[in-house]
Amino acid sequence: HLTTSLLAVTLLTSFGSSMLYGYNLAVVNSPAGYIKDFYNRTIVSRNGTGVSEKTLTVMYSLTVSVFAIGGLVGSLLVGILVTKFGRKGTVVNSSVLVFIAGSLMGLSRICGSPEMVILGRFITGIHSGNRNRDARRQRRCAPYGGASEAHPRHSGLLSPPGVSLSVVPMYLGEIAPKNLRGFLGLIPSIFICVG
């Protein structure tokens, strides 16, 4: 049955991973103008002249997309980390990445460094990654033509999950009793939406 400690672990683990993913996925959309302005002002202070709108758009696009690249790196590291630290250890140790990334992005304005924002987003991607629920569906539909050719209803690009989005469902499945695995497995998805 569902105990208070099991529910607390599920909520805290999901809060520290899935909610951060949901937040970091959308956080760069609203302040796009401010981010571009920060990049331009920093470049003006360094070089004496600004850059074109096209260059700013490329820099902003890099800032947004590097999150997914970090997710790819995180998804490649997760097997090694789980083998070395175990599921719980990987969840706990990967939390350090959030603090490093947050510090880089938070101090970027003081240091006048757009590179710190981009590096912070990359590190956040390693931790959180880019989760695409269609990936699981495509693997499930392998009988319809193999892994490379998914069922037509489930087409779409596969996006790599980072460390935490790969480990948290494994960890929750490990600690949950059989009758609660579905319920506890749903909690991280709810936290993605909340973030």
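Modeller: A polar contact is a pair of N or O atoms within 3.5 Å; within protein, one must be able to donate a hydrogen and the other to accept it, and residues adjacent in sequence count only if both atoms are side-chain atoms. This is a predicted model, where local features need pLDDT of at least 70, side-chain atom pairs count only at pLDDT 80 or more, and totals for chains, interfaces and linings use all residues. Residues are numbered from 1 along each chain as its sequence is written, and side-chain values use heavy atoms, with hydrogens and water left out.

Colleague: With which side chain does the side chain of S128 make a polar contact?

Modeller: With that of H127, at 3.2 Å. S128 is found in the loop between α4 and α5.

Colleague: How are such elements assigned, and how many helices does the protein chain have?

Modeller: Helices (H or I, at least four residues) and strands (E, at least two) are DSSP runs, numbered from the N terminus. The protein chain has seven helices and zero strands.

Colleague: Is S128 buried or exposed?

Modeller: Buried means under 20% relative accessible area, exposed over 50%, and partly exposed in between (1.4 Å probe, protein chains only). S128 is buried, at 1% relative accessibility. Of the 195 residues in the protein chain, 38% are buried.

Colleague: Which residues does S128 touch, leaving out those up to four places away in sequence?

Modeller: A contact means heavy atoms within 4.5 Å. S128 touches S17, L20, Y21, F67, G162, S164 and L165.

Colleague: How many salt bridges are found in the whole structure?

Modeller: A salt bridge is a side-chain nitrogen of Lys or Arg within 4 Å of a carboxyl oxygen of Asp or Glu. The search finds four. One of them joins R46 and E115 (2.9 Å, N to O). R46 lies in helix α2 and E115 in helix α4, so this pair ties together parts 69 residues apart in sequence.

Colleague: What separates D37 and R41 in helix α2?

Modeller: About one helical turn, because they are four residues apart. D37 and R41 also form a salt bridge, with the closest N and O atoms 3.0 Å apart.

Colleague: Where is confidence lowest in the protein chain?

Modeller: pLDDT is the predictor's confidence in each residue, from 0 to 100. Confidence is lowest in helix α5 (residues 134-140), with a mean of 36, and highest in helix α4 (residues 114-127), at 93. Over residues 131-159, pLDDT stays under 50. Where pLDDT is low, the predicted coordinates should not be read in detail.
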